[in-house]
Amino acid sequence: VGEGLRRRPYLQSTTPSSVRVDWTTADEVTGDPTVRYATSPDGPWTAVAATSELFSTTRTEQRGGDYAAHDATLSGLSPDTTYCYEVRAGERVLASGLALHTGWTGNTRPLTIIAIGDSGTGLPGQKRLRDMMLEQEFDVFLHLGDIAYSSGTFGQLEDYFFGIYEDLLHGVPTFPTIGNHEYETALGQPYVDVFYLFEQARRDVDRERYYSFDYGDVHLVSLDSNGEMLSTIDETATDDMLDWLTDDLAASTAPWKIAFMHHPMYT
């Protein structure tokens, strides 16, 4: 890991043909942020430029100074294929020796999912479970909300999610759902800012708070079950999210459909 890298690379919004690679650096790190990838460590390598966004301490109220968040979309990839990748600032390598695997379509092989929620404490139990996860092979990491106690701040997300799971996140995509504790800071804005999720919501204000995607022959739907989202739903279920959900499920031909949200329907 190179000097200046703050949040190690993590994978977002993986599909059979694309994946987003995200990371953060100290603000003073210079050089164009790029991801290089190849199907073999011997190359040939393809370079993709990232877009960047400054996160000031005024915005994050986070220790350690200002930082820049970088987001690169690798596209035109082959399904069900492993790629080597590395993250750079100009010619300087910040993280190397990494690998990702693209999604696929159909039932060519089983989909293995790990799903956990209410994990964001930083306590020994969370780390023991993390160590067990590191011993497993799985395709998708679903986080079911309450990612960072007590209030989903930028600093708590850094400490209790990215800091805890950094050895998982660079190789397996994370698909989260927002919990009530994430809502306690700016109605969940830090959650929206640190994750790069499919933007399918009908209102701009709800972007990334609910979304769906296919992985193999499974259609997965992440829903926002928090009161702030659900408070406008009446007995006729006319809320935008539920209208969207009705259309989304009707359009899916996948034999498996999984909806996940923070609040369990049954306990």
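Is Ser56 buried, partly exposed or exposed? I looked this up first in the predicted model. Ser56 has a relative accessible area of 21%, so I noted the residue as partly exposed; the cut-off for buried is under 20%. Ser56 sits in the loop between strand 5 (51–55) and helix 1 (57–60). I also checked its distance to Glu182, which is 126 residues away along the chain. The two C-alpha atoms are separated by 20 Å.

**Entry: largest pocket**

I recorded a volume of about 340 Å³ for the largest pocket. I found 20 lining residues, and Glu137, Phe138, Asp139, Gly171 and Val172 lie nearest the centre. Strand 8 (92–101), helix 2 (124–134) and helix 3 (154–169) are the elements that give two or more residues to this lining. Strand 8 gives the most, with three residues. By class I noted ten nonpolar, six polar and four charged residues in the lining.

**Entry: second largest pocket**

I noted a volume of about 290 Å³ for the second largest pocket. Its lining has 17 residues, with Tyr183, Leu187, Val205, Asp206 and Arg209 closest to the centre. Helix 4 (189–194) and helix 5 (227–230) each supply at least two lining residues. The classes here are six nonpolar, two polar and nine charged.

**Entry: salt bridges**

Side chains of opposite charge can pair when their charged atoms come close. I got a count of 17 salt bridges, and I looked at some of them.

Arg8 pairs with Asp167, with the closest N and O atoms 3.0 Å apart. Arg8 is in strand 1 (residues 5–12) and Asp167 is in helix 3, so this pair ties together parts 159 residues apart in sequence. I have Asp167 as partly exposed, at 43% relative accessibility.

Asp240 forms a salt bridge with Arg203, and their closest N and O atoms are 3.4 Å apart. Asp240 belongs to helix 6 (residues 240–251) and Arg203 to the loop between helix 4 and strand 12 (211–215), so the pair links parts that are 37 residues apart in sequence. Asp240 is partly exposed at 22%, and Arg203 is partly exposed at 32%.

Which residues are linked with Glu91 in a network of salt bridges? I found Arg36, Glu86 and Arg88 in that network with Glu91. For the pair of Glu91 and Arg88, the closest N and O atoms are 3.6 Å apart. Glu91 is exposed, with a relative accessible area of 70%, whereas Arg88 counts as buried at 15% relative accessibility.

Conventions: Residues are numbered from 1 along each chain as its sequence is written. This is a predicted model: local features need pLDDT of at least 70, side-chain atom pairs count only at pLDDT 80 or more; totals for chains, interfaces and linings use all residues. Side-chain values use heavy atoms; hydrogens and water are left out. On a 1 Å grid over the protein atoms alone, a cavity is a set of points where a 1.4 Å probe fits but cannot get out, and a pocket is an open set with protein on both sides within 12 Å along at least five of seven lines; lining residues have an atom within 4 Å of a point. Grid points are joined across faces, edges and corners, and a volume is the space filled by probe spheres set on the points. Helices (H or I, at least four residues) and strands (E, at least two) are DSSP runs, numbered from the N terminus. Ala, Val, Leu, Ile, Met, Phe, Trp, Tyr, Cys and Pro count as nonpolar, Asp, Glu, Lys and Arg as charged, and the others, Gly among them, as polar. Buried means under 20% relative accessible area, exposed over 50%, partly exposed in between (1.4 Å probe, protein chains only). A salt bridge is a side-chain nitrogen of Lys or Arg within 4 Å of a carboxyl oxygen of Asp or Glu.
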